[in-house]
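The sequence and the structure are shown first.

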Amino acid sequence: MTAALHLLPKNASPFERALSNSLDRTPDFGAIIDGIAGLKYGVIPAAFSPWVVAEYGLGPISEFFESDAEVIAAGIPWQRVRGTPFAATTALSWIGYLGPAIEDQNDRRRKWNRYQIGMGLVPEAEMPVLRDAEYLVGISDPARSAFIRGWHGYNVRTLEWGEQVWGASIWGDDSGTRLDGGTVKWSHGEDITGSIVADAADRAALGVNVTVGTVLSWADSPWNAPGVSWNGVTDAAAFKSFLLSRLSVLVGFFDAGGEAIGYRRPVAFRDVTANHAAAPGQVFFEVEARTDFGDGEGSHCASMALVFRAHNTDAAKPGKLWLEPEEIEFEDGFEAAEMTLGAVVVDFAFRRTVRQHVTLTLEI
């Protein structure tokens with residue numbers, strides 16, 4: 001460090017030189033001052049690191065790291081690109097999103113500055129992760145941009161006339177729901193499949209335990225039913241398919257104790273025997289259902305089953321899609337135990353931003 005004495009002009013008096021020498025603290029503090037230069041570019045002492053975090057403005061992201069050293073190592077590169085898409089994807093990587101894809105708003109739209117993100121996964125811990133994602137993207141993106149929606153697994157877009165199929169879009173909105181107090185819409189989906197094999201007792205309970213040659217009474221079915229004649233059943237598979245298609249069916253969700261969480265009305269109940277190598281008289285039916293955002297929220301599903309001959313107790317709402325356990329009743333003469341087929345083992349939680357797409361195949 002340059003001594004104060006060397007800074008005096010050439011015409012300094014002896015008194016000024018003596019005074020400068022007496023006030024010069026270079027011998028005492030020079031080495032310490034020289035050591036400060038470049039201190040934050042090497043190994044930063046723990047006692048000094050909080051000041052570096054504050055200097056670089058990294059306090060808003062410090063909660064996502066275990067130490068100041070990690071904050072500084074990740075935060076400085078992030079600060080340099082802050083306000084860009086790369087900053088947003090970098091911040092999301094801190095909470096486990098390794099492959100997010102940013103999609104700018106269609107330039108035909110009036111609000112061109114909005115964008116969506118394909119998140120790449122459905123978080124297990126829904127609430128804290130999504131709140132963190134909304135926060136991190138909000139402090140990473142450009143000030144003029146607006147993050148409006150994150151999605152994975154279920155992505156239905158708002159209808160654009162002349163650009164999309166009506167049946168594959170929503171009028172005036174995108175799929176998803178918001179967290180309490182949040183501004184970003186989240187749309188997640190999970191696919192769940194399973195199969196159920198009915199036995200003779202199940203077929204008898206449903207009234208479809210027929211074989212070729214079975215003689216029908218007057219009240220069993222209309223005479224125009226497929227697979228029957230005056231002499232009885234001539235095509236067991238066709239007649240069984242006809243009988244099944246006339247039954248009401250729900251997809252039931254149950255917890256680990258076997259207690260019902262709720263029931264969902266299917267979007268499709270179709271004969272898919274042609275897609276399987278079925279034995280004579282055997283048919284395959286596929287039941288497809290999709291829960292809505294928030295259905296059964298907070299519950300953990302351990303098994304699913306098909307529930308036949310059940311309907312809403314409220315006759316004014318026969319088409320209600322999600323029914324609570326106390327909202328269903330069975331047709332006269334039928335009980336829950338005999339009308340519940342299968343126990344497909346699953347393991348998932350009902351969450352606010354996730355729709356489960358369930359496909360169950362019944363072999364009967």
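In this predicted model, Glu103 and Arg157 form a salt bridge whose closest N and O atoms are 2.8 Å apart. A salt bridge here is a side-chain nitrogen of Lys or Arg within 4 Å of a carboxyl oxygen of Asp or Glu. Because Glu103 lies in strand S1 (residues 101-104) and Arg157 in strand S4 (residues 157-158), the pair ties together parts that are 54 residues apart in sequence. Helices (H or I, at least four residues) and strands (E, at least two) are DSSP runs, numbered from the N terminus. Arg157 is buried at 18% relative accessibility, and Glu103 is partly exposed at 34%. Buried denotes under 20% relative accessible area, exposed over 50%, and partly exposed in between (1.4 Å probe, protein chains only).

As to the basis of these values, the model is predicted: local features need pLDDT of at least 70, side-chain atom pairs count only at pLDDT 80 or more, and totals for chains, interfaces and linings use all residues. Residues are numbered from 1 along each chain as its sequence is written, and side-chain values use heavy atoms, with hydrogens and water left out.

The structure holds 11 salt bridges, including those in the table.

| Salt bridge | Closest N and O atoms |
|---|---|
| Glu103 and Arg157 | 2.8 Å |
| Asp292 and Arg355 | 3.8 Å |
| Arg352 and Glu297 | 3.2 Å |

Asp292 pairs with Arg355 at 3.8 Å between the closest N and O atoms. This pair links distant parts of the chain, 63 residues apart: Asp292 is in the loop between strand S13 (284-290) and strand S14 (300-308), and Arg355 is in strand S19 (residues 354-363). Asp292 is partly exposed, with a relative accessible area of 32%, whereas Arg355 is buried at 13%.

The salt bridge of Arg352 with Glu297 has its closest N and O atoms 3.2 Å apart. The two residues are 55 residues apart and link distant parts of the chain, with Arg352 in the loop between strand S18 (340-349) and S19, and Glu297 in the loop between S13 and S14. Salt bridges that share partners join Asp180, Glu297 and Arg352 into one network. Within it, Arg352 is buried at 18% relative accessible area, and Glu297 is partly exposed at 38%.

Strand S19 also contains Gln356, which is buried with a relative accessible area of 0%. Its side chain is joined to that of Glu190 by a polar contact of 3.2 Å. A polar contact is a pair of N or O atoms within 3.5 Å; within protein, one must be able to donate a hydrogen and the other to accept it, and residues adjacent in sequence count only if both atoms are side-chain atoms. Not counting residues up to four places away in sequence, Gln356 touches Glu190, Ile192, Ala289, Arg290, Thr291, Phe348, Ala349, Phe350 and Arg351, where contact means heavy atoms within 4.5 Å.

Helix H8 (residues 236-245) is largely enclosed by the rest of the structure, because 8 of its 10 residues are buried. Among these buried residues are Phe239, Lys240, Phe242 and Leu244. Their cover includes helix H7 (200-206), strand S8 (228-229), strand S9 (232-233), strand S12 (268-271), S13 and S14. Asp235 caps the N-terminal end of H8, with a side-chain oxygen 3.2 Å from the backbone nitrogen of Ala237.

The structure holds 1 cavity of 30 Å³ or more. On a 1 Å grid over the protein atoms alone, a cavity is a set of points where a 1.4 Å probe fits but cannot get out, and lining residues have an atom within 4 Å of a point. The largest cavity holds about 30 Å³ of space, and its lining consists of Leu216, Ser217, Trp218, Ser221, Pro222 and Trp223.

Arg309 has a phi near 55°, a positive value in a residue other than glycine. Most residues other than glycine have a negative phi. Arg309 is found in the loop between S14 and strand S15 (310-312) and counts as buried at 15% relative accessibility.

Pro9 lies in the segment before helix H1 (14-23) and is partly exposed at 46% relative accessibility. Pro9 and Val81 are 72 residues apart in sequence and 47 Å apart in space, C-alpha to C-alpha.

Conventions
1 Å grid on protein atoms, 1.4 Å probe; cavity = no way out; pocket = protein on both sides within 12 Å on 5 of 7 lines; lining within 4 Å. Points joined across faces, edges and corners; volume = space filled by probe spheres on them.
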